Amino acid sequence: MKPTTTPCRRRTFLGGCAAASAVTLTACAGADEESEPSQWVEVLDAESLAVGASEQVQVGEEYFLLHRVSDAEVRAFSAVCTHQGCTVGVDEDRGTFRCPCHGSEYNLVTGQVEVRPAEDPLDAVEAEISEGVIRLYL
Ligand code: FES
């Protein structure tokens with residue numbers, strides 16, 4: 001399966017508050033204010049991301065990559081490719097996060113580059129599973 005800038009498994013959150021799902025959204029108000037302090041943002045029901053699975057989620061206009069490491073642990077990264085800024089997606093066939101622009105691939109757990117041209121790892125984002133919800137500190 002070829003990844004695209006908008007993989008079919010992508011789930012969109014905070015694109016509009018009216019698009020809320022079963023997950024409680026906490027950052028609808030002022031989501032695009034640059035000076036907003038960091039806060040935990042609920043992005044996905046933890047039950048929908050099995051251990052070993054990966055997912056791309058959208059928060060406002062930004063995309064993030066998730067990988068469920070265990071029942072209690074999830075890793076998260078910015079989906080901005082460190083090569084030239086395209087949006088990285090999940091390539092389930094190759095078991096990597098893969099950029100559709102020039103083919104860079106990143107490790108699902110560490111975000112480190114596995115296939116160049118990118119040289120730098122994806123930017124890690126603090127993530128946790130709390131009360132059945134995956135949250136990112138943004
Ligand atoms: S922008 Fe991602 S590989 Fe070039």
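Student: In this chain, what share of the contacts with a separation of 6 or more is accounted for by residues 24 or more positions apart?

Tutor: In this predicted model, residues 24 or more positions apart account for 47% of the contacts in the protein chain that have a separation of 6 or more. The chain in question has zero helices and 12 strands, and 38% of its 138 residues count as buried. Its accessible surface comes to about 7300 Å², of which 45% belongs to carbon and sulfur atoms.

Student: How should I read an aromatic pair, and how many does a search of the whole structure find?

Tutor: A pair of aromatic rings is described by the distance of the centres and the angle of the planes. Here the search of the whole structure finds two such pairs. Trp-40 and Tyr-137 form a tilted pair, with 5.2 Å from centre to centre and 55° between the planes. Because Trp-40 lies in strand β2 (residues 40-45) and Tyr-137 in strand β12 (residues 133-137), this pair ties together parts that are 97 residues apart in sequence. Trp-40 is partly exposed, with a relative accessible area of 23%, and Tyr-137 also counts as partly exposed, at 35% relative accessibility. The rings of Phe-77 and Phe-97 have their centres 6.0 Å apart and their planes at 65°, so that pair is edge-to-face. It links distant parts of the chain, with Phe-77 in strand β5 (residues 74-78) and Phe-97 in strand β7 (residues 96-98), 20 residues apart.

Student: Are Phe-77 and Phe-97 buried or exposed?

Tutor: Phe-77 is buried, with a relative accessible area of 3%, and Phe-97 counts as buried at 0% relative accessibility.

Student: Which strands form the open sheet, and in what order?

Tutor: Strands of a sheet pair through backbone hydrogen bonds, either parallel or antiparallel. In this case four strands form an open sheet in the order β6-β7-β8-β9, and the pairing is antiparallel. Because β6 (89-91) and β9 (113-115) stand at the edges, each with a single partner strand, one side of each is left without a neighbour in the sheet. The pairing of β6 with β7 runs over three bridges in the antiparallel sense, and Val-90 stands opposite Phe-97 in β7.

Student: How do I read a nonpolar core, and which residues of the largest one touch the most other members?

Tutor: In soluble globular proteins, nonpolar side chains tend to be buried together. The largest nonpolar core here has 15 residues, of which Val-43, Leu-44, Leu-49, Leu-66, Ile-134 and Leu-136 touch the most other members. Strands β2, β3 (54-59), β4, β5 and β12 each supply at least two residues of this core, the largest share, three residues, coming from β2. Leaving aside neighbours within four places in sequence, Ile-134 is in contact with several residues, including Val-41, Val-43, Leu-44, Leu-49, Leu-66 and Val-74. A second, separate core of 13 residues includes Phe-77, Cys-81, Cys-99 and Ala-118.

Student: Where is Tyr-63 placed, and why does Tyr-63 count as buried?

Tutor: Tyr-63 is placed in strand β4 (residues 62-68). Tyr-63 counts as buried because its relative accessibility is 18%, and buried means under 20%. The side chain of Tyr-63 makes a polar contact with the side chain of Gln-58 (3.5 Å). Tyr-63 and Ala-79 are 16 residues apart in sequence and 5.3 Å apart in space, C-alpha to C-alpha.

Technical notes: Residues numbered from 1 in each chain as written. Predicted model: local features only at pLDDT ≥ 70, side-chain atom pairs only at ≥ 80, totals over all residues. Heavy atoms only, no water. Buried < 20%, exposed > 50% of the residue type's maximum accessible area, 1.4 Å probe, protein only. Contact = heavy atoms within 4.5 Å. Areas by Shrake-Rupley, 256 points an atom, 1.4 Å probe, with all protein chains shown as cover. Polar contact = N/O pair within 3.5 Å; in protein donor to acceptor, adjacent residues only side chain to side chain. Phe/Tyr/Trp six-rings, centres within 6.5 Å; stacked < 30°, edge-to-face > 60°. Pairing = 2+ DSSP bridges. Core = buried A, V, L, I, M, F, W, Y, C linked by side-chain atoms within 4.5 Å.
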